[in-house]
Amino acid sequence: MDFSKCWLDYQPIECKEKAFSTLSVLCDGRVVKSAVEEYCLAMEAMTGAVVEVTPEGGRECVSLRLDAALSGADSYEICREGDGYRITGQSESGVLYGVFEFLRLVRTGHLASLPLVNGPEMPLRIMNHWDNMDGSIERGYSGNSFFYRDYEILCDERTEQYARLMASIGINAVVINNVNVHQRETYLITDTYLEQVKEYADLFGRYGIRLYTSVNFAAPMELAGFDNCDPLNPEVAQWWKETAAHIYEVIPEFGGFLVKADSEGRPGPFTYDRTHADGANMLARALAPYGGIVIWRCFVYNCGQDWRDKKTDRARAAYDNFIGLDGCFDDNVILQIKNGPMDFQVREPVSPLFGGLKKTNMILEVEIAQEYTGQQIDLCYLLPMWREILDFDTCAAGEGSTVRRIVNGELYGQKLCGMAAVINTGDDYNWTGNDLAAANTYGYGRLAMNPSQSSESIAREWTALTLGGEVEDTVTQMLMGSWSTYEKYTSPLGIGWMVTPHYHYGPDVDGYEYDRWGTYHRADWRGLGVDRTPAGTGYTDQYNEPWRSVYADRTKCPEELLLFFHYVRYNEKLRSGKTLIQHIYDTHFEGVEEVEAMAETWRQLAPKLAPDVYGRVKERLERQLANAREWRDRINTYFYRKCGIPDEKGRKIYE
Ligand code: GCU
């Protein structure tokens, strides 16, 4: 187990089929070349035999072919042929994905499942890096950036390994800098850095990955002395056209721009009384001649709120800002929408924009970086959450209008759509801080490739590849229960927040309550929760039926989201028959017990694990336990003090 290689640590295997040691390569190209290199590297490490690579076909070999007629972009077929195997890709990327799949089957002992035909379901499978050029990572919990150090771009072995890791899980687009584009990063699209950015683009290109940058909407002001960046100012538009032309001159395969505008202090079109469509289209027209795209984020809300104002609701903001623009965006614009209406909390309803927009390209944005879900100290396997989001039926065009069918392009026939994720990697030895947090990185890619795969089978696959088959059942169980456990000891029933301001780790129930960010829980001596029904902020009206009525009705609202939608008194009964306050007490005690059990399970695995892996995760679990206890005590004490209702079971709650 060498965690510096993550899930690409090829260990020796028993099975030594003769065919493995001959690779017939009946196609070519730079991505095919990467596939061949990966195959040889892997087989040599696994079997000890040197692989012979030949342009000839043959009976006892593994052969690589291209067949553009295979259905589905970048799909692949793997089957037996003669005494060997044949891997056919629809494209070069298809060949590469096929090779990675084949190696996975060999490593997990699943070659018997052949033949198989597979391919990426989501057209775009994007990683968003929130890396800054000073080397820091916004919301990074695993060291510093491996892209930048002291404003220099690093292109080294780790970047190469990164590209391999990404390709192995099907990622085909990477945004190399933080959505908050600071001063120096604004220059990434200029000659100051373009040649080095090109090195990245070339490296990624060898693995079928396109490179994108986040751009500063005010770049014409910061870089070229303009006194405005009004998207309808022809000179501003012209500047972007020239800038794009130059970028493509240097990097013909450049993917395009990701933009955070009019959000948390970032510049945008609102300053000039223009719409987000004006802003996005202006950039899109600069990129269109070269096939580039604009990915425009919908994370736009008023971050200067007054806590006494109960009508303004941050949850409403994305929908209110964008729904009126449906159909106004150019074809090469995609809106990137966070999974929920707030901000990556442990539990949120699905953003109503997915059920609202019908004539706009959409990407679902999730956060692998565990900003609000334990910061890669606490174990929180996020696949079950993402599955629920993808499976949510928006009812936008009748039953079965799931988020999955919207972002895979099926429902509205869109080509530019898919998933994007804020990645959780850094320059830590094991890439993700907590060794087990890499299951989320791996799982995200696998899910975007094939959302039919269950969270559990992805957990199994990752565990078998990284920790070995012996611990597969137990670690899979730990992973599968971890989201629910985290939810139990943190903020209850969908209300979210209650975290330490700014850092977002650990409890501070009122930390954000009287602040300007629009993240309120509204607890008082009688109860807590936000009334988002028509009698309150009216947020529930943003959903299609039946959700609109379901969420607005206290008796029908899914209980895990109860406090997100309703203000509930402490002594009101939930479906379980428990009062709200007793539910809060119970789940918080349970959450801690579950972490204790998890730590004990891990202790028992010690003999089956490499000592360094065991030790690193043990240390994380100890910190998680301390965190869970602190959450339990702070939450229970806070609500006990507010309502004065004691725990029925008489457990210790601090007074
Ligand atoms: C969160 C996060 C910020 C980030 C923002 C975003 O609010 O805390 O660090 O910039 O999301 O998604 O843009």
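**Entry 1: α10 and α12**

I began with helix α10 (residues 383–391) and helix α12 (residues 438–449), whose axes lie 10 Å apart and pack at an angle of about 25°. The model is a predicted one, in which local features need pLDDT of at least 70 and side-chain atom pairs count only at pLDDT 80 or more, while totals for chains, interfaces and linings use all residues. Residues are numbered from 1 along each chain as its sequence is written, and side-chain values use heavy atoms, with hydrogens and water left out.

I noted how the terms are set. Helices (H or I, at least four residues) and strands (E, at least two) are DSSP runs numbered from the N terminus. Axes are lines fitted to C-alpha atoms, for helices over the stretch in contact, and angles run from 0 to 180 degrees between N-to-C directions.

The two helices α10 and α12 are therefore roughly parallel (angles under 35 degrees; over 145 is roughly antiparallel, 65 to 115 roughly perpendicular, the rest oblique). I then listed the contact (heavy atoms within 4.5 Å): Leu383, Trp386, Arg387 and Leu390 of α10 meet Ala439, Asn440, Gly443, Tyr444 and Leu447 of α12. I sorted the residues of this contact into six nonpolar, two polar and one charged (Ala, Val, Leu, Ile, Met, Phe, Trp, Tyr, Cys and Pro are nonpolar; Asp, Glu, Lys and Arg are charged; the others, Gly among them, are polar).

**Entry 2: α4 and α6**

Next I looked up helix α4 (residues 194–205) and helix α6 (residues 234–250), whose axes come within 10 Å and cross at roughly 55°. That angle makes α4 oblique to α6. From α4, Leu194, Glu195 and Lys198 meet His246, Ile247 and Val250 from α6. I counted three nonpolar, one polar and two charged residues in this contact of α4 with α6.

**Entry 3: the ligand**

I found 14 residues around the ligand, of which Glu138, Lys260, Arg297, Lys338 and Glu371 come nearest (a residue is near if one of its heavy atoms lies within 4 Å). A polar side-chain atom of Glu138 is 2.4 Å from a ligand oxygen atom. For Lys338, a polar side-chain atom lies 2.6 Å from an oxygen atom of the ligand. An N or O atom in the side chain of Arg139 is 3.0 Å from a ligand oxygen atom.

**Entry 4: the backbone**

I checked the peptide bond from Leu114 to Pro115, which is cis, with omega near 5°. Pro115 sits in the loop between α2 (92–108) and β6 (116–118). The bond from Glu545 to Pro546 is cis, with omega near 5°, and Pro546 lies in the loop between β17 (527–528) and α15 (547–552).

Note on methods: A polar contact is a pair of N or O atoms within 3.5 Å; within protein, one must be able to donate a hydrogen and the other to accept it, and residues adjacent in sequence count only if both atoms are side-chain atoms.
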